[in-house]
Amino acid sequence: MKQTLAERVNFHCSMCDAPTLGPKTGTNDKRFSVGKAAHIKAAAPGGPRYDKSQTAAERSAIENGIWACATCADLIDRDPDAYEPTELLLIKADAEWLAGTRAGRPPGSDLPALQASTAITRAVAVFCRQEAVRQERRDPRFNVSVSMAKSGPMYEFCAKEPVDARFVIRTRGRRRETDALRDFMQYGGELVLEGMEVGMEGSPLFPSEDVATKRLEITSHPRPIIMTVALDAGASVPLYIDFPGQATHGNKGFRFTGSTMGSMLTISMIGDFSVSSPDFKLNFDLKSWERKPMGRLPHFSKMRQILQMLDRPVPVEVKCTHEDVESDFGSGILDGREPFRLLHTFMAEIEDLRKLDAFFDLGLVMPADFEDIFHDQGDITQLIGLVDIDKADDPTVEVSLVPEEPSVPLHELIASQKPAAIRLSQELTMRIFGRAYGPFEVEVTCPAAVVTPIGPANIEVGVPIRLTLRAAEGNRWSARVSSRP
Ligand SMILES: [Zn+2]
């Protein structure tokens with residue numbers, strides 16, 4: 001069984017691809033082996049990846065074994081959490097597949113023979129896994145993963161424990177690179193450097209004769225953090241916004257980015273450990289509103305609420321929560337008037353359009369180009385006045401009309417100054433985003449209003465007259481669409 005396991009991978013290590021057999025020195029008929037049959041799930045309780053649901057037969061079956069060189073076999077048994085059984089099964093399948101493609105062919109001919117794209121993808125995956133294992137064997141203090149990037153294999157090294165090693169990057173004195181490196185050291189984050197000379201002191205990784213680094217990405221270990229910003233912090237009901245995100249830190253301070261409401265609102269901040277007022281930037285991204293029905297814009301009311309608060313200088317407090325521990329990040333004043341000037345206008349326009357949309361049932365859809373919001377409709381202020389008439393502070397309405405005979409009721413209303421039920425009707429059309437809507441008939445009514453002429457003083461049939469209609473105490477005007485096209 002052990003023999004078959006080894007034969008199925010042509011006596012190569014399933015992990016790192018090293019051959020496991022050789023001729024025993026000083027003999028003509030003996031061989032030495034550095035191969036071992038390792039258990040995928042342990043043979044005995046307490047062993048690595050032990051599965052108590054397995055039967056004894058399953059434990060000793062060939063399906064539960066993987067052929068590996070002595071080093072790799074030790075690695076998977078002594079660092080049991082480094083590999084899941086499913087991963088080992090995958091590695092084993094890869095190794096057997098590779099042995100199959102190689103059998104009967106001279107060395108190196110296996111790759112050109114790969115024509116189907118699935119076979120190529122598979123070969124690349126095999127290479128990446130074996131390369132990761134090979135690097136981890138070099139320095140087991142690191143988790144290594146290898147993936148194929150456009151320019152070649154990309155290595156990702158992640159220290160499992162504090163490693164006393166120095167990563168040496170030669171920047172050739174270029175200012176931009178030195179600055180970027182310094183910033184990375186101070187606040188952590190992500191750094192991408194191209195064409196650097198890279199080496200490691202204190203670890204056998206990155207031997208310069210082996211690795212020609214073209215592109216270097218360094219990431220300091222990000223931690224999940226929730227940053228909470230309280231707007232109008234002194235008020236009885238501050239507005240709390242939680243930003244889940246990632247924080248990194250360096251020797252001087254930290255860097256955080258987080259977002260909320262489906263990434264529509266993002267916060268990025270850099271804070272120095274020595275300073276208690278963090279500097280942060282809010283960024284609004286309303287792209288997800290593109291082409292959406294105006295009446296159902298995601299997070300519209302929350303967005304509007306936030307922006308309304310930012311329309312004046314407001315006290316803010318920043319707290320952060322990491323692993324259920326809350327800490328203060330200081331406070332300050334945030335003045336969003338200037339930074340979000342355009343956004344304030346934009347939101348006001350949207351709010352008006354949403355009112356018209358709801359009132360006239362227009363079925364408006366957000367344009368693909370938000371510039372259209374500012375340009376593409378006529379003056380809608382008057383329409384908004386009409387739609388909002390029930391909320392108006394001013395109880396008076398001014399109208400012009402041409403009296404038709406006989407106009408006795410109007411005479412009487414003016415003469416008596418007694419409140420009466422009024423109903424006015426108006427035909428409206430509007431143009432929004434280049435499309436015409438209407439005509440709608442809008443009825444404006446008030447249960448009790450007093451009519452006063454502005455001029456002329458005498459009512460004559462066929463002569464236009466201007467009137468003031470004032471809602472009597474306790475009454476309001478209201479508007480509704482009485483007929484639509
Ligand atoms: Zn090996």
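**Exercise 1.** In which helix is the place of histidine 344? Work out, too, whether histidine 344 counts as buried or exposed.

*Solution.* Keep in mind that this is a predicted model. Start with the helix: histidine 344 sits in H8, which covers residues 341-360. Next, take the relative accessibility of histidine 344, which is 15%. Buried means under 20%, so histidine 344 counts as buried. Finally, look at the contacts: leaving aside residues up to four places away in sequence, histidine 344 touches Leu307, Leu310, Asp311, Gly336 and Arg337.

**Exercise 2.** How many cavities of 30 Å³ or more does a search of the whole structure find, and what lines them?

*Solution.* Step one, the count: the search turns up two.

Step two, the largest cavity: it holds about 50 Å³ of space. Its lining includes Val9, His12, Asp17 and Gln130. Helix H4 (residues 85-102) supplies the largest share of that lining, with four residues. Sorted by class, the lining has five nonpolar, three polar and two charged residues.

Step three, the second largest cavity: here you get about 40 Å³. Leu75, Asp79, Ala82, Tyr83, Glu136, Pro140 and Lys160 form the lining. Sort those by class and you have four nonpolar, no polar and three charged.

Methods: Residues numbered from 1 in each chain as written. Predicted model: local features only at pLDDT ≥ 70, side-chain atom pairs only at ≥ 80, totals over all residues. Heavy atoms only, no water. Helix = DSSP H or I, 4+ residues; strand = E, 2+ residues; numbered from the N terminus. Buried < 20%, exposed > 50% of the residue type's maximum accessible area, 1.4 Å probe, protein only. Contact = heavy atoms within 4.5 Å. 1 Å grid on protein atoms, 1.4 Å probe; cavity = no way out; pocket = protein on both sides within 12 Å on 5 of 7 lines; lining within 4 Å. Points joined across faces, edges and corners; volume = space filled by probe spheres on them. Nonpolar A, V, L, I, M, F, W, Y, C, P; charged D, E, K, R; others polar.
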